[in-house]
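Here are my notes on this one, in the order I would go through it on screen. Have it open next to you as you read.

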Amino acid sequence: MNAWQLTAPKKFTAIQKDEPTMPKAGEVLFRTLRMGICGTDISCFLGKFPFFDYPRIPGHELGVEVLEVGEGVENVQPGDLCSVEPYLNCGSCYACGKGQGNCCENLKVFGVMMDGGLCERSLIRADKLHPSKKLNAEQLALVETLAIGCHASDRGNPQNNEHLLVIGAGPIGLATLEFNRLNNAKISVMDMSEERLDFCRQNYGIQSLIQFKGDGSEKQKILDATDGNLFDLVTDATGNPHSMGNALNYVAHTGRLVYVGITTENISFAHPLLHRPEITLLASRNALPVDFPRIIELIEKGTINTDPWITHHIEFDDVEQRFEEVTHPSSGALKAVIQVAD
C-alpha cells in the first residue's frame, strides 16, 4: 500500500508498505481519511523534535474509518468514523497505575515514536479509537489537537472571574483558549502575528489582544489590561524557550503558569520571579482518554466550531511538493489537513 515516510529532515519519500495483517484480539484495522498537520509534525519535518527518529511514517491527528475489528472489540464496528487517541501507553508503569497514561514511562505515540497514519491502512488498539455518528473525518482529525488544549486547560484549572493569558495563538494555544473560555474567565491572547490575533478577535470575540514585538511594549499593555495585577493563569503554547522563561513576568502573585509547548533547550529565569509571587509552575503533556469523547460531544453540539481552523488542504499525492509550504509563517497556515482518502 502507499505511504509517505520522512527519511530525513525535510525529506519525504513515497514508499510501498506491506499491508497490515488482519486485526488480532483487541485490535482494529482502519483506513486513514484525513490527517491534520500539527506543530509536532512540522518539528519532525524540520528535524527539531526530540522523540522522532528517521525513517518514520508520521501522522497522529487522524480522522479514520474502521475496516475490520478483532475478537472482543465492542466499542467500534466496521464503517465507524473515529478520531484516534495516539498515546499508546503500557498500562503497567507507575503513571499508568495512577490513571495518567499520558505520562506513561514507556509511551509510544502513534506517528512519532512509531509509524503513524500517513498511509492507506493501519492497525491500532481498539481502545484508542473514539467514534462519532455525526462528525466527518476532517472534524475528527482535529480532536487530538483540541485534546492537547483540553488537558492544558485542566492543568491550569481556570476559575470564574479569573483573568487568563494564552501566549501563542497557534493551534495548541487556540485549543487551550477553547476550553479556558468554557469557564467564564476573562481571556487575553499574546502573539507576534497580527493575523493570528485578528483571528482570535473575529472568531472568539477576544478584545484583549497583545502583540509581542520584543521591545517591552507588551508590559504596559498587560498592566493596563489587568489593572496592574498581572494574570491569574498564564499558558505558554509557543515551545519557544525565551517566551517560556519570560512568561513568569506576566503571572500574578499566587498565580499559575502552564507550559504546554515543548522545547529541547534550557528554560532560564531568575528564581525570585518564581519564588516571590509563589507561582505554581505546571507542565502539560498529551491528553487523557476521557478528553476525546468530551471533545467529540462539544463539536457535535456546536459548542466548538472547527470550521475556521482549517486554512489549507493538501492532497495525499502532493505531500512531498507541498508539505514545506505550511511550515512557513508567510503561508498563513493555521491548520493544514492532508486528504489521504475520500
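**Notes on the predicted model**

1. Let me start with a strand pair. Leu 29 sits opposite Glu 68 of β4.

2. As a reminder, strands of a sheet pair through backbone hydrogen bonds, in either a parallel or an antiparallel way.

3. How many of the 11 residues of β3 are buried? The count is 9, so strand β3 (residues 27-37) is largely enclosed by the rest of the structure. The cut-off used here for buried is under 20% relative accessible area.

4. Next, have a look at Leu 118, in the loop between β7 (108-109) and β8. Its relative accessibility is 0%, so Leu 118 counts as buried. Beyond its neighbours within four places in sequence, Leu 118 is in contact with a list of residues that includes Ala 3, Trp 4 and Phe 12, then Met 35, Ile 57, Pro 58 and Gly 59, and also Phe 316, Val 319, Ile 338 and Val 340.

5. Now the second largest pocket, with a volume of about 220 Å³. It is lined by 17 residues, and the closest to its centre are Phe 110, Met 114, Asp 115, Ser 122 and Leu 123. Which strand gives the largest share of the lining? That is β8 (residues 121-125), with 5 residues. By class, the lining is made up of 9 nonpolar, 6 charged and 2 polar residues.

6. Moving on to the parallel sheet. It is an open sheet of 6 strands, ordered β12-β11-β10-β13-β14-β15, with parallel pairing. At the edges are β12 (208-211) and β15 (280-283), each of which pairs on one side only. On average, neighbouring strands in this sheet are turned by 20° against each other, direction ignored.

7. Strands β10 and β11 run parallel and are joined by 5 bridges, with Met 190 of β11 as the bridge partner of Ile 167. Strand β13 (residues 231-236) likewise runs parallel to β14 (residues 251-259), and 5 bridges join them; Asp 236 is placed opposite Tyr 259 of β14. As for burial, 5 of the 6 residues of β11 are buried, so β11 is largely enclosed by the rest of the structure.

8. Two helices go with this sheet. Helix α6 (residues 194-204) packs on the sheet and touches β11 (186-191) and β12, its direction making about 175° with that of β12. Helix α7 (residues 217-225) lies across β10 (163-167), β11, β12 and β13, and runs at about 165° to β12.

9. A few backbone details to check by eye. The peptide bond from Tyr 54 to Pro 55 is cis, with omega near -5°, and Pro 55 is found in the loop between α1 (39-46) and β4 (61-69).

10. Which phi value does Asp 227 have? It is near 55°, a positive value in a residue other than glycine. Asp 227 belongs to the loop between α7 and β13, and at 68% relative accessibility Asp 227 counts as exposed. Thr 254 also has a positive phi, near 70°, and is not a glycine either. Thr 254, however, is placed in strand β14; with a relative accessible area of 58%, Thr 254 is exposed.

Technical notes:
Residues are numbered from 1 along each chain as its sequence is written. This is a predicted model: local features need pLDDT of at least 70, side-chain atom pairs count only at pLDDT 80 or more; totals for chains, interfaces and linings use all residues. Side-chain values use heavy atoms; hydrogens and water are left out. Two strands pair if DSSP finds at least two bridges between them. Helices (H or I, at least four residues) and strands (E, at least two) are DSSP runs, numbered from the N terminus. Axes are lines fitted to C-alpha atoms, for helices over the stretch in contact, and angles run from 0 to 180 degrees between N-to-C directions. Contact means heavy atoms within 4.5 Å. Buried means under 20% relative accessible area, exposed over 50%, partly exposed in between (1.4 Å probe, protein chains only). On a 1 Å grid over the protein atoms alone, a cavity is a set of points where a 1.4 Å probe fits but cannot get out, and a pocket is an open set with protein on both sides within 12 Å along at least five of seven lines; lining residues have an atom within 4 Å of a point. Grid points are joined across faces, edges and corners, and a volume is the space filled by probe spheres set on the points. Ala, Val, Leu, Ile, Met, Phe, Trp, Tyr, Cys and Pro count as nonpolar, Asp, Glu, Lys and Arg as charged, and the others, Gly among them, as polar.
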